[in-house]
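Thank you for making time for this.

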Amino acid sequence: MSQVGLTDFDFSTNNQYIASSSMDKTVRVWDISRGLCIRVIYGVSSQLCIRFHPVNNNFLSAGNAKKEINVFNFSTGRTISTTVVDGEVTAMDHDHTGQFIFCGDSQGCIYTVSMNSHTGALSRTHRNRSSSKHRSAVTTVEYRTFSLLARGPVLLAFTRDGSLSFFSVSLEMKGYLTLRCSLKLAPRLHSIRASFCPLLSLEKGEYIVAGSEDANVYFYDLTRPRNTCVNKLQGHGYPVIGIAWNHGENLLASSDFGGTVIVWKRAKTA
């Protein structure tokens with residue numbers, strides 16, 4: 001059983017399942033050990049992003065082209081709760097407690113949505129409008145529990161016009177976001193993603209890794225006012241679309257528009 005136009009995927013916290021979203025309007029759950037699709041949930045529009053709940057593995061959150069965030073019951077396939085934003089929901093992530101969903105839309109806005117971990121009920125709490133004059137789709141929303149720069153939880157957002165934003169998150173204020181710093185990169189034609197570098201950032205600086213149209217992988221240090229780019233990985237022949245670390249952060253996988261995936265091993269420092 002295959003999916004057409006895969007848009008996103010996520011591992012369950014117990015690493016037993018993968019959830020995937022697709023342009024064919026389906027959400028699917030795959031049993032990793034058996035390599036089988038064990039649940040298909042049919043929607044009414046393209047499913048653009050997906051996340052397992054970090055505490056309750058029975059909940060799946062998905063954003064779609066109808067401007068909806070839906071919470072599904074993994075066991076039954078039923079929709080538990082829905083909330084609506086102002087644009088297509090193009091990227092999302094949970095906080096570590098499962099109390100909040102942070103999502104980005106096709107208009108460049110970032111939303112904080114509170115979620116009941118027991119019932120799955122959703123309610124919008126905050127919206128952060130893009131400062132850009134041109135509305136550009138959000139390609140990355142990524143939460144991290146702690147940053148030395150912010151001295152607390154942070155959120156990374158990246159848009160197709162090349163705007164990279166770094167927010168501090170106030171969980172006490174229902175997930176309120178405060179912009180700490182931003183970086184303007186070259187606009188993207190493709191839906192290119194970026195990611196935190198948590199372990200690198202514990203040593204010094206605040207590192208972000210991102211793909212690019214010129215087929216390179218770039219590392220940026222947000223604490224540097226100038227010469228922000230600190231490293232470049234070359235090896236792809238097409239625009240680099242996806243970026244993902246393993247949990248130990250010694251391996252980085254990058255994927256390009258031509259279908260090539262390269263796994264980079266982090267060099268040991270003396």
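Let me begin with a question: in which sense do β9 and strand β10 pair, and over how many bridges? The two run antiparallel, with β10 covering residues 100-105, and five bridges hold the pairing. Please keep in mind throughout that this is a predicted model. Within this pair, A91 has G104 of β10 standing opposite.

These two strands belong to an open sheet of four, in the order β9-β10-β11-β12, and the pairing in that sheet is antiparallel. At its edges lie β9, residues 89-94, and β12, residues 122-128, each of which pairs on one side only. On average, and ignoring direction, neighbouring strands of this sheet are turned by 25° against each other.

Strand β3 itself spans residues 26-31, and five of its six residues are buried, so the strand is largely enclosed by the rest of the structure.

Let me turn to the charged side chains, where the count comes to nine salt bridges. One of them joins D8 and R51, with the closest N and O atoms 3.0 Å apart. This pair links distant parts of the chain, since D8 sits in strand β1, residues 6-11, and R51 in strand β5, residues 47-52, with 43 residues separating them. Both D8 and R51 are buried.

R51 also meets D93 in a salt bridge, at 3.6 Å from N to O. Is R51 buried or exposed? Its relative accessible area is 17%, and because the cut-off for buried is under 20%, R51 counts as buried. The same cut-off places D93 among the buried residues, at 13%.

A further salt bridge is formed by R224 and D221, at 3.8 Å from N to O. Here R224 is partly exposed, with a relative accessible area of 40%, whereas D221 counts as buried at 4%. As for shared partners, salt bridges join D8, R51, D93 and R193 into one network.

Finally, the chain as a whole. Its secondary structure comes to one helix and 23 strands. The radius of gyration is 18 Å, close to the 18 Å that the globule rule gives for 270 residues, so the chain is as compact as a globular protein of that length. Along the principal axes, the C-alpha atoms fill a box of roughly 50 × 40 × 35 Å. Of the 270 residues, 52% count as buried, and the accessible surface comes to about 13100 Å², with 52% of that area belonging to carbon and sulfur atoms. Among contacts between residues at least 6 apart in sequence, 40% join residues at least 24 apart.

Note on methods
Residues numbered from 1 in each chain as written. Predicted model: local features only at pLDDT ≥ 70, side-chain atom pairs only at ≥ 80, totals over all residues. Heavy atoms only, no water. Pairing = 2+ DSSP bridges. Axes fitted to C-alpha atoms, helices over the stretch in contact; angles between N-to-C directions. Rg over C-alpha atoms; globule rule 2.2 N^0.38 Å. Buried < 20%, exposed > 50% of the residue type's maximum accessible area, 1.4 Å probe, protein only. Contact = heavy atoms within 4.5 Å. Areas by Shrake-Rupley, 256 points an atom, 1.4 Å probe, with all protein chains shown as cover. Salt bridge = Lys/Arg side-chain N within 4 Å of Asp/Glu carboxyl O.
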